[in-house]
Amino acid sequence: MKKTAIKTAKRRVASAVFIKDLRIEARSRVVTNQVLPFAGLIMVMFAFALDNDDVLQRVAGGLIWLATIFSLFIIVQRSFAIDTSDSALDSLRVAGIDLSAVFFGKAVALTLQLIALDVVLIGAAFLLYQIQVSALGVVLLVTCVVCATTGLGFVGTLYGGLTAGTNGRETLLPLLLLPVVAPVLIAATRATEAALGSSGAEISEGWAWVGLLTIFAAVFGVGGSLAFGPLIDE
Amino acid sequence: MTVEKVLEFIDVVIVYDNFPAVAGATFSVNAGEIVLLQGANGAGKTTLLRACAGLLPIARGSANVLGCDLRLDRLAVRSRVGLLGHANGLFQDLTVLENMLFWSRLVGANRNDVDQAMDAMGLSGRLSQTQVAKLSAGQRRRCALASLIVRRAQLWLLDEPHAGLDAQGRDELDKTLRAARDAGATVIFASHEIERASALATRSLIVTSGTVKQA
């Protein structure tokens, strides 16, 4: 009975935080008006810099995920800046709620924003780099996007919480987060290359990388839910 | 008749940024009191209030708030206290109503509780649909207080609650705190506005260099 009540309370807190984060984004449109053009510009600048269709088609997967990770920093910083600007994070701490539920609410909201961003970035890659994908490749690509963004959502929320309220968090977050998300960058790039058939990669080769992305998401999902509360509290 | 103690600090030391911000504080607060903390800037008032809310660790001494031993478990007391510091703890991009609904959802309060709290703080009607970023400082303070009412805190911890309020807002705040006390809550607040605060408080404590004395 008590366990059910705790679960219900956790779900209630997580959904409240999730709705709050998405509502603030819908109103402020930072992702739509600033992050999305920024990520799009990265894709365009790479196209200018490399200026070779063959090369661009080969590296398209890596460019999509680099643009996603750079955008992740901005979205995470923005998400926690909202919570710390008027000490709302302190109010959350003193509300006596389970902070792991706050972690899940924020992580899922972040994941959804990243998925929306990736849909646009992949669309841009089709237009700019003239890449092609088969029906089976689409299945792999969609699974890869969901697993990779979930992992990025968890790890971004955890490190966002870690750096929230610290001096120089704008530079500290990328410095701490970049090495940690390197496995996601590598695995998601390889899986995307397999989905797109870049460099002669087979679709079947991509599923092992998706497995790695799933493990990454699971580790940071569990680890984040355990560590987020104590990190915020300190 | 025995009076219930909601807070008892005995020789409490709180270290903040490697500095003993509270150094041997001993005081207690009974249920239903409105206690004023007076003291110069940096005397340790804010640290004391944050420690009472379970936000800071107790380095030494005995600290008991609402039956919770803060040395053993700082988390248990949090759902029962409401802390309003210098900031309001609101989300600027959300409207007053959305902020209130967010906090109510966190603590499992219902829409009726939200409406009552907003009525009590004069935030109903057009103001409820206004984004917090567009409110005056006083209106934001009222919104923050309304969120404390929704949270049904048993112990209200307020740091400079009158700051930024106009004369009418201050009167309303005093009325709200008395109403909270009448409803069974206990209030501890820090203020530099001694005349107004003393009229509101049932007892005053003086905080000097991290120690607490009866006024």
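Q: At what angle do helix α1 (residues 2-28) of chain A and α2(B) pack?
A: Two packed helices are described by the angle between their axes and the distance between the axes. Helices (H or I, at least four residues) and strands (E, at least two) are DSSP runs numbered from the N terminus; axes are lines fitted to C-alpha atoms, for helices over the stretch in contact, and angles run from 0 to 180 degrees between N-to-C directions. The axes of α1(A) and α2(B) are 8 Å apart, and the helices pack at an angle of about 160 degrees.

Q: What kind of model is this?
A: Residues are numbered from 1 along each chain as its sequence is written, while chains are lettered from A and ligands numbered from 1 in the order in which they are written. Local features need pLDDT of at least 70, side-chain atom pairs count only at pLDDT 80 or more, and totals for chains, interfaces and linings use all residues, for this is a predicted model.

Q: How are α1(A) and α2(B) oriented to each other, roughly parallel or roughly antiparallel?
A: Angles under 35 degrees count as roughly parallel, over 145 as roughly antiparallel, 65 to 115 as roughly perpendicular and the rest as oblique. The angle between α1(A) and α2(B) is about 160 degrees. The two helices are therefore roughly antiparallel.

Q: Which residues of α2(B) make the contact with α1(A)?
A: Two residues are in contact if their C-beta atoms, placed from the backbone, lie within 7 Å. From α1(A), the contact draws on Arg12(A), Val13(A), Ala16(A), Lys20(A) and Arg23(A). From α2(B), the residues are Glu98(B), Phe102(B), Arg105(B) and Leu106(B).

Q: How many charged residues are in the contact of α1(A) with α2(B)?
A: Ala, Val, Leu, Ile, Met, Phe, Trp, Tyr, Cys and Pro count as nonpolar, Asp, Glu, Lys and Arg as charged, and the others, Gly among them, as polar. In the contact of α1(A) with α2(B), 4 residues are nonpolar and no residue is polar. The number of charged residues is 5.

Q: Which element gives the largest share of the side of chain B that touches chain A?
A: The contact takes 21 residues from chain A and 23 residues from chain B. In chain B, β6 (81-84) and α2 (96-107) are the elements that give two or more residues to this side. The largest share, 5 residues, comes from α2(B).

Q: How many helices does chain A have?
A: From the N terminus on, the elements of chain A run α-α-α-α-α-α-α-α. Chain A has 0 strands, and its number of helices is 8.

Q: What is the radius of gyration of chain A?
A: The radius of gyration is taken over C-alpha atoms, and the globule rule is 2.2 Å times the number of residues to the power 0.38. For the 234 residues of chain A the rule gives 17 Å, and the computed value is close to it, so chain A is as compact as a globular protein of that length. The radius of gyration of chain A is 18 Å.

Q: How are α7(A) and α8(A) oriented, roughly parallel or roughly antiparallel?
A: The axes of helix α7 (residues 169-196) and helix α8 (residues 203-233) of chain A come within 8 Å and cross at roughly 155 degrees. That makes the orientation of α7(A) to α8(A) roughly antiparallel.

Q: How many residues in the contact of α7(A) with α8(A) are nonpolar?
A: Residues of α7(A) that meet α8(A) include Val184(A), Ala187(A) and Ala191(A), and those of α8(A) include Trp209(A), Leu213(A) and Phe216(A). The contact also has 1 polar and 2 charged residues. The number of nonpolar residues is 13.

Q: Is Leu123(B) buried or exposed?
A: A residue is buried if 20 or more other C-beta atoms lie within 10 Å of its own, exposed if 12 or fewer, and partly exposed in between, with C-beta atoms placed from the backbone. Leu123(B) is found in the loop between α3 (111-120) and α4 (137-150) of chain B, and its contacts include Val96(B), Met118(B) and Cys143(B). With 24 other C-beta atoms within 10 Å, Leu123(B) is buried.

Q: Is Gly184(B) buried or exposed?
A: Gly184(B) is found in the loop between α5 (167-182) and β8 (186-190) of chain B. With 10 other C-beta atoms within 10 Å, Gly184(B) is exposed.

Q: How many residues of α1(B) are buried?
A: Helix α1 of chain B comprises residues 45-52. Lys45(B) and Arg50(B) are among its buried residues. The helix is largely enclosed by the rest of the structure, because the number of buried residues is 8 of the 8.

Methods: Lists of a residue's contacts leave out its neighbours within four places in sequence.
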